[in-house]
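Reader: I am new to this structure. Could you walk me through the terms used to describe it?

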Amino acid sequence: MLHNRVTLASSPVLLALLWQFRDEPLAVCTCISLLAGLFTWCLIPASTVLFKRAGLSGRDLSKPARPLLAESMGMVAATLYLVATFVFIPAQFQYWSESPDSRSHVFPFDRLGEYLSALLSLQSMVFLGFADDVFNLRWRFKLLLPSIASIPVLIVYYVGYGVTHVVVPVFMRPWLGSTVDLGMLYYVYIGLMAVFCTNAINILAGINGVEVGQSLVIALSIIVKDVANINSNNPDYEYHHLFSLYLLLPFTAVSLALYYWNVFPARVFVGDTYCYFAGMTFAVCGILGHFSKTLLLLFGPQIFNFIYSTPQIFGLVPCPRHRLPQMVSMSRPVDRDSEDGSCSEASKSTDNLHKTVSNAMRSFARPRNKKRLSVHGTPYMVPSRTQLEGARPLGLLIIQVYEKLGLVDVERDETAD
């Protein structure tokens with residue numbers, strides 16, 4: 001297999017580079033990250049049988065045949081990520097243990113506490129995500145558990161920094177000044193940010209590769225920002241960006257390996273484990289790296305998707321089990337506009353749905369000829385649908401607003417309800 005041959009050939013080289021640059025923490029982190037990514041690349045296909053045997057599997061609705069794929073493979077990537085970050089701890093603090101004048105320097109217990117608190121929150125979130133994959137937890141627990149997992153990071157931030165002021169935009173400074181102290185509200189804000197980041201990745205999911213793909217985009221964006229600001233004259237500012245790199249380099253490596261197996265046509269599912277793990281990684285980097293507001297800018301698509309999904313998240317509109325487009329494969333040629341006025345199979349299935357709403361995500365590959373669909377054509381995806389029967393008045397009002405904005409397609413019955 002290609003991944004096994006590449007790993008066997010690359011591992012000795014990376015180990016040699018690791019020994020050669022053992023005095024440079026960033027180089028050590030890079031080598032360890034690449035090794036973790038290679039091992040993840042190899043272990044994921046080897047673990048699929050074990051996960052299927054344990055009952056962690058599901059049907060891929062994005063393919064016509066709906067094959068059975070192993071779920072929760074994000075657990076493999078998250079486990080190797082934690083191993084890589086644990087192994088990196090001695091390299092990060094070796095200066096204070098090996099330096100001849102180490103006695104004249106105080107060991108940075110505060111930095112060690114930050115790093116360990118970040119790993120504790122990440123490890124807790126990986127465990128809770130795997131519990132969600134196994135027990136299918138309710139939404140009320142999905143909102144509560146990230147808050148609990150973020151407590152170690154919040155405590156370390158409170159003890160180590162305690163900075164609760166935010167910079168005011170320039171156009172508002174004549175009225176509010178350059179900074180505003182939020183006090184305890186700032187801790188509420190960063191706590192809610194941890195909840196949002198973990199669930200935002202999980203909500204924008206369901207299509208092959210989208211969970212890992214969006215996480216890679218965010219992670220690479222933060223890495224570019226860190227590299228651009230790493231040579232700062234302010235030591236604390238430089239440390240914060242290095243701290244972010246130490247967490248994101250192994251995350252990017254294991255995510256790339258997982259993306260290889262999860263991109264369409266997916267051979268494994270990442271599960272909620274990876275979604276919570278990825279979201280908490282970004283939240284920890286944003287909180288302890290002191291760029292929480294910049295992090296929210298990178299979550300622009302996730303914020304839009306959260307606002308768009310609000311009616312279903314809060315129960316104002318019925319929410320289906322899988323909010324994703326459906327794959328359609330026609331078994332015979334079908335005419336949408338037949339001479340005898342009869343409807344096609346696709347039209348009948350649509351008309352039978354009483355008061356439905358379609359997701360804003362349109363089909364990936366619709367046939368160019370809308371009049372005729374052939375069995376020889378490529379299978380295509382249609383927007384997901386959900387019935388509006390039982391929806392609350394506020395939910396129906398929001399759907400009407402979405403319809404006017406062109407975000408949804410509402411199909412009404414003969415009474416135009």
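This is a predicted model: local features need pLDDT of at least 70, side-chain atom pairs count only at pLDDT 80 or more; totals for chains, interfaces and linings use all residues.

Reader: What does the protein chain contain in helices and strands?

Author: The protein chain has 16 helices and 11 strands. Buried residues make up 46% of its 417 residues.

Reader: Why is H1 called roughly antiparallel to H2?

Author: Look at the angle. The axes of H1 (residues 2–20) and H2 (residues 25–53) cross at roughly 160 degrees. Angles over 145 count as roughly antiparallel. Therefore H1 is roughly antiparallel to H2. Their axes come within 10 Å, and H1 passes H2 in a left-handed crossing.

Reader: Which residues of H1 and H2 meet?

Author: Among them are Leu14, Leu15 and Leu18 in H1, and Leu35, Leu38 and Phe39 in H2. By class, the contact of H1 with H2 has 16 nonpolar residues, 5 polar and no charged.

Reader: Which residues of H5 and H12 meet?

Author: The H5 side includes Ser121, Met125 and Asp132, and the H12 side includes Tyr276, Phe277 and Met280. This contact of H5 with H12 divides into 11 nonpolar, 6 polar and 4 charged residues.

Reader: Why is Gln302 called buried?

Author: Gln302 has a relative accessible area of 3%. Buried means under 20%. Therefore Gln302 is buried. Gln302 sits in helix H14 (residues 300–313). Not counting residues up to four places away in sequence, Gln302 touches Phe196, Ala200, Ile201, Leu204, Gln214 and Ile218.

Reader: Which members of the largest nonpolar core touch the most other members?

Author: They are Leu247, Phe251, Phe282, Leu295 and Phe299, out of 84 residues in that core. Helix H11 (residues 235–262) gives the largest share of this core, 13 residues.

Reader: What is Phe299 in contact with, leaving aside its neighbours within four places in sequence?

Author: Phe299 is in contact with Phe196, Cys197, Ala200, Ile201, Ile218 and Phe282.

Terms used. Residues are numbered from 1 along each chain as its sequence is written. Side-chain values use heavy atoms; hydrogens and water are left out. Contact means heavy atoms within 4.5 Å. Helices (H or I, at least four residues) and strands (E, at least two) are DSSP runs, numbered from the N terminus. Ala, Val, Leu, Ile, Met, Phe, Trp, Tyr, Cys and Pro count as nonpolar, Asp, Glu, Lys and Arg as charged, and the others, Gly among them, as polar. A nonpolar core is a set of buried Ala, Val, Leu, Ile, Met, Phe, Trp, Tyr and Cys residues joined through side-chain atoms within 4.5 Å. Buried means under 20% relative accessible area, exposed over 50%, partly exposed in between (1.4 Å probe, protein chains only). Axes are lines fitted to C-alpha atoms, for helices over the stretch in contact, and angles run from 0 to 180 degrees between N-to-C directions. Angles under 35 degrees count as roughly parallel, over 145 as roughly antiparallel, 65 to 115 as roughly perpendicular and the rest as oblique. A crossing is left-handed if the near helix is turned anticlockwise from the far one by less than a right angle, and right-handed if clockwise.
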